[in-house]
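Have a look at the model first, then read on.

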Amino acid sequence: MSESVTTRVGSPFRRNWVWSTIQILLRPFFFFWIRSRARGFEHLPVDGGALFLVNHQSFLDPLLVGACLRRPVSYLARENLFRVPFVGWVLRNTYVVPMRRSAASTESLREAIARMEAGFYVGIFPEGTRRSDGQLGPLKPGLLALVRRVGVPVIPVGIAGAQHVMPRGAILPRPKSVRIVFGPPLPAEELAQLIAPGREQELLQLASEKMGACMAEAESWRRGCEV
């Protein structure tokens, strides 16, 4: 475990008081108001790091995924958000990594990689923007740098229904249902082959297929519970 990371950020296995307080407040709200449920926890490493590839439907997505886990998740977020009063303080104290567009391939990625190597879960939204149609958009090639440089499990995560709970322009969450599925890690043997130069599109396709499968399972689960 990297002493420098844990000294700066804290333990990858225990939430700090800020995130613990937020979870205590959010969990009942998510459970009863938007009927958020999650499954697939057996696919998550217990004592090591992981990279989460999460589809993006609403501003609630990081909270929805993080609130159902015992361990903290470090997300990458735009640096300008850290300059917003109070929001910046919350982000800095809930494990979020600032991402500078001009140096996205260096400083931010190094920090994300260091955290995964130290045992943290790191979450990214490879689509790069929210989708309001419930479909998975094209994945940005930025995830390739992370996948190639870490040896942790790469976990596809599918969220279904969040775009109905918090659509673009909404101020408050609506009482709709959300389902979250943590899928099996991307096969290590395939990843080992696809990280080779020249196979970038195949790697993006694999990630897209696995994320899409999790989304389809989550949507089917959500619709089945609403019948």
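Strand S2 and strand S5 (residues 121-124) run parallel and are joined by four bridges. This is a predicted model, so to speak plainly about limits: local features need pLDDT of at least 70, side-chain atom pairs count only at pLDDT 80 or more, and totals for chains, interfaces and linings use all residues. Residues are numbered from 1 along each chain as its sequence is written, and side-chain values use heavy atoms, with hydrogens and water left out.

- Strands here are DSSP runs of E with at least two residues, helices are runs of H or I with at least four, and both are numbered from the N terminus.
- S2 covers residues 50-54, and five of its five residues are buried (under 20% relative accessible area with a 1.4 Å probe, protein chains only; exposed is over 50%, partly exposed in between).
- Both faces of S2 are covered, with Ala50, Phe52 and Val54 on one side and Leu51 and Leu53 on the other.

**The whole sheet**

- Seven strands make an open sheet with mixed pairing, in the order S1-S7-S6-S2-S5-S3-S4; two strands pair if DSSP finds at least two bridges between them.
- Strand S1 (36-39) and strand S4 (97-99) are the edges, each pairing on one side only.
- Neighbouring strands are turned by 25° against each other on average, direction ignored (axes are lines fitted to C-alpha atoms, and angles run from 0 to 180 degrees between N-to-C directions).
- S6 (residues 154-160) and S7 (residues 178-182) pair in the antiparallel sense over four bridges, with Gly158 partnered by Val181.

**Pocket and cavity**

- On a 1 Å grid over the protein atoms alone, a cavity is a set of points where a 1.4 Å probe fits but cannot get out; a pocket is an open set with protein on both sides within 12 Å along at least five of seven lines, and lining residues have an atom within 4 Å of a point.
- The largest pocket has a volume of about 1,600 Å³.
- Of its 45 lining residues, the closest to the centre are Pro62, Leu76, Ala77, Leu81 and Phe125.
- Elements giving two or more residues to that lining include helix H2 (17-32), strand S3 (73-78) and helix H5 (104-117).
- One cavity of 30 Å³ or more turns up in the whole structure, and the largest cavity has a volume of about 40 Å³.
- Residues lining the largest cavity include Gln57, Arg130, Met166 and Arg168.

Terms used. Points joined across faces, edges and corners; volume = space filled by probe spheres on them.
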